Amino acid sequence: MTSADTLRAFKRDGRIVVVGASLAGLRAAEALRAEGFTGSLTMIGDELGEPYDRPPLSKQVLTGWVPAGNTTLPRRRVIDAEWLLGVPASGLDLATNHVRLADGREVPFDRLLIATGVRARPWFVESEAALNRVFVVRTREHAESLRRALAAGPSRVLIVGAGFTGSEIASACRARELPVTVAELGAAPLAGALGAVIGEVAADLQRTHGVDLRCGVKVTRLEGDAQGRFRRAHFDDGGTIDAEVAVVALGSIRNTEWLRESGLAAGVWGIACDSGCHALDINGRANDDVFAAGDVARCPHPLYEYRLISLEHWANAVEQAEVAAHNMVSPQADHWPHLSTPLFWSIQFGVNIKSVGVPTFADEVVVTQGSLDDHRFVAAYGYRGRVTAAVSFDNAKWLRHYRRLIETAAPFPPRCPTPDQPTDVHPAPVGLPGPSLLAQGATAVVTGRTR
Amino acid sequence: MHGEEALMYDPNPDDAQRSLVLRAAAACPVQAILVDWLEGRNAPVEASAP
C-alpha cells in the first residue's frame, strides 16, 4: 500500500480525537469534515454544553445586553461527532495512541488534535478565592455569576489586574455606573501587552471614565466577613479598600498538566509545535499524528526570529485550527504552515483597540497617526529598526497598511501613510515589563528570548 | 451591532431581525459576519456526558 492509499483509507475511516471543545476544537472539526474526512470524530471537553464564544463574556454579557446563554458559536456544517463532554482529559499515551479521561475511560485515536486552551489564573490563596463574591471570568458560568453580582448593585467592585480582561470588566462596571477600583501591579493598564507608553493612554481612559485606578500596587489579601463574603482587600503599601465584589483578572494558565507524562514538549508556556501545528516531543521532534491549535499551542514564527509564540487571540485559534485540520488529512507535500500575522482586538470605555503583529516583540514605539491625547491614534512598534507590530485606538482602518509593513520587515520608524502626520514622532522605549510580569495579562507571549 | 467598528454585537439576535442580519452579512465588505445556517442549532448536541 502506498502512502497515498494509507491517507485515503485514513480519511475514509480513520479515528480523529479532538481534546478541547471550544473555538479551536469546533473550527478544526468543521474544517476536517470540509476537507472530506468521513471517519470517526470524537470531541472531548471539560465543560458541558455546546461550544460558545468567549469574547462577549467580559463585555456585552456583563453589561446585561446579551444573555450568557446566547453566546453559542455559530455552526458552519454538521460535524457528526461523538461528544464526550463534562470530563477533562487526564492523560495521553503515545505508545498506544489513547487519551485517558478523568473518569478512567480510554479513547483511542489515529490522529489527535490538542486544543485544551487556558483557564483563568485563580487567586493565589485558596481560602480567599473561595470567598463569596470573588470571581474570575473565563467560562460562561463565570460570566453569568459575575453579571448577577453586578446587577445586584454592589457598593464597589475591585478588579485585580488591568490586562485586557480586567480592563474590559472595569469598563462593563462603569457602563453600569458602579464604583470600581482597579489594582494593577505594573506601571499602567495593558502595559504587559502594549507597553507603558500606550498603557498610559489606557490609564487615562480608565480615569476619565471614573475608575479608581491604582498602579504599582499589589493586592496581598482578600478579607471576608463572618458569612464568608468578600468585604475588603489589603494592599502591599498597607492600605485597604472596602468592596463587595472582587474580580481576579491575573491572566491565564495553559491547560497542559494532563500532558505531563506524555512525552510531548508541553509546559507552562503551552505545547511547542512546528508551524504546521505538529506537536513536538521532548526531544524536539515533530509528531506526525499529534497536533495542537489555539491558546495552548506555541509556534515558531519567521517574522519573530522563529521564536515560539503563544497567542490568546480569537483569530489565531480559528486560523491555527484550520491549518491543523488541513494538515491532519493531507499528504506531507501539501501541508500548510501557520504564518498569518497575529491580530487582536478589544473594546473598552467606548474605544476600539486593535493590534496587528506582536507588540511585546518590540523595543521602541512611535505614534504614527492621530494623537495619544485624543485617545485616537495608531502606534507602530519596532524591534532593532524594523516594524514588528501596530496598535490602533479607534483608528483600525489603517491596520492593513501596518500589517504589510510588518510582513515586509519595513524600517522603523515608518512614515505616516496619511497627511495627518503627528507633530511629535519621536520613537520612545516601549516600556514592557520584565519577564516575571509579562506572564500576567499579556495575550501574546514570546518565549525563549534572551534580550 | 454596537459602535463604529461593530466589534460588539448581539450574537443571537431575535428572529424578527433575521432579514437585517442577512443583509448586513451580505453587505459586509470583508465578509466578517458568519451566519449560522443550521436548522435546529439550539437542539442539544449529541452529548454523551457521564
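Mentor: Gladly, and keep in mind that this is a predicted model. Let's start with one residue pair: Val19(A) has Ile114(A) in β7(A) as its bridge partner.

Trainee: What makes β1 and β7 of chain A a pair?

Mentor: Pairing takes at least two bridges between two strands. Strand β1 (residues 15–19) and strand β7 (residues 111–114) of chain A are joined over 4 bridges, in the parallel sense, so they count as a pair.

Trainee: Where do these two sit in their sheet?

Mentor: The order is β3-β2-β1-β7-β21-β20 in chain A, an open sheet of 6 strands with mixed pairing. On average, neighbouring strands there are turned by 30° against each other, direction ignored.

Trainee: Why are β3 and β20 of chain A said to stand at the edges?

Mentor: β3 (82–85) and β20 (278–280) of chain A each have a single partner strand, so one side of each has no neighbour in the sheet.

Trainee: How do you know that β25 and β28 of chain A pair?

Mentor: We use the cut-off of at least two bridges again. Strand β25 (residues 351–357) and strand β28 (residues 386–393) of chain A share 5 bridges in the antiparallel sense, so they pass. Val356(A), for instance, has Ala390(A) in β28(A) as its bridge partner.

Trainee: Which sheet holds them?

Mentor: An open one of 6 strands in chain A, ordered β24-β25-β28-β27-β26-β29, with antiparallel pairing. Its edge strands, β24 (343–348) and β29 (428–429) of chain A, each pair on one side only.

Trainee: And how many helices and strands does chain B have?

Mentor: Chain B has 1 helix and 0 strands, and 2% of its 50 residues are buried.

Note on methods:
Residues are numbered from 1 along each chain as its sequence is written. Chains are lettered from A and ligands numbered from 1 in the order in which they are written. This is a predicted model: local features need pLDDT of at least 70, side-chain atom pairs count only at pLDDT 80 or more; totals for chains, interfaces and linings use all residues. A residue is buried if 20 or more other C-beta atoms lie within 10 Å of its own, exposed if 12 or fewer, and partly exposed in between; C-beta atoms are placed from the backbone. Axes are lines fitted to C-alpha atoms, for helices over the stretch in contact, and angles run from 0 to 180 degrees between N-to-C directions.
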